[in-house]
Amino acid sequence: MITRYALFEGSIKPGQTEAFRAAVMEKILPKWKQFPGALDVRVSFAESRDDGAPEFPMILAINYPDLAAVEVALASPVRTQARAATEEVLAEFFDGRIHHHVTLANEFAL
């Protein structure tokens with residue numbers, strides 16, 4: 001399985017935490033859930049972090065069965081719509097940047 005993460009590093013604008021979370025759940029998450037081939041789409045919000053560690057107030061993770069499904073999803077027009085929704089919410093509520101990571105989970109037969 002392949003997991004593609006978007007790590008939202010930075011901070012939510014003061015006094016906007018609840019509005020940011022609501023916008024993510026109403027405007028961003030539904031768009032990413034439309035990705036073709038996605039097995040699971042989830043978002044988690046960081047409640048705290050270690051001193052000195054980068055701040056990731058939100059992590060968006062999408063699971064795919066394989067790399068071929070990732071390629072199809074990234075080429076889909078759904079990606080353009082999801083990115084536009086994400087950028088709109090970030091511009092309003094968030095100061096920071098996004099890091100993208102892809103992990104490959106290997107299953108080992110015993």
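## Chain overview and helix 3

In this predicted model, buried residues make up 35% of the 110 residues in the protein chain. The accessible surface of the chain comes to about 6700 Å², and carbon and sulfur atoms account for 54% of that surface. The protein chain contains 3 helices and 4 strands, which follow one another along the sequence in the pattern β-α-β-β-α-α-β. Of the contacts between residues at least 6 apart in sequence, 79% join residues at least 24 apart.

Helix 3 covers residues 77-93 and has 17 residues. From its first C-alpha to its last, helix 3 reaches 25 Å, close to the 24 Å expected at 1.5 Å a residue. At the N-terminal end, Ser76 caps helix 3, with a side-chain oxygen 3.0 Å from the backbone nitrogen of Val78.

| Group in helix 3 | Residues |
|---|---|
| Buried | Val78, Ala82, Ala85, Thr86, Val89, Leu90, Phe93 |
| Exposed | Pro77, Thr80, Ala91 |

The buried residues of helix 3 are Val78, Ala82, Ala85, Thr86, Val89, Leu90 and Phe93. They lie on the same side of helix 3 because they cover an arc of only 130° around the axis. An α-helix has 3.6 residues a turn, so residues three or four places apart point the same way. Pro77, Thr80 and Ala91 are exposed on the other side of helix 3.

The packing partners of the buried residues of helix 3 are strand 1 (2-12), helix 1 (17-32) and strand 4 (94-104).

Note on methods
Residues numbered from 1 in each chain as written. Predicted model: local features only at pLDDT ≥ 70, side-chain atom pairs only at ≥ 80, totals over all residues. Heavy atoms only, no water. Helix = DSSP H or I, 4+ residues; strand = E, 2+ residues; numbered from the N terminus. Buried < 20%, exposed > 50% of the residue type's maximum accessible area, 1.4 Å probe, protein only. Contact = heavy atoms within 4.5 Å. Areas by Shrake-Rupley, 256 points an atom, 1.4 Å probe, with all protein chains shown as cover. Expected span 1.5 Å × (residues − 1). Arc of directions from axis to C-beta. Polar contact = N/O pair within 3.5 Å; in protein donor to acceptor, adjacent residues only side chain to side chain.
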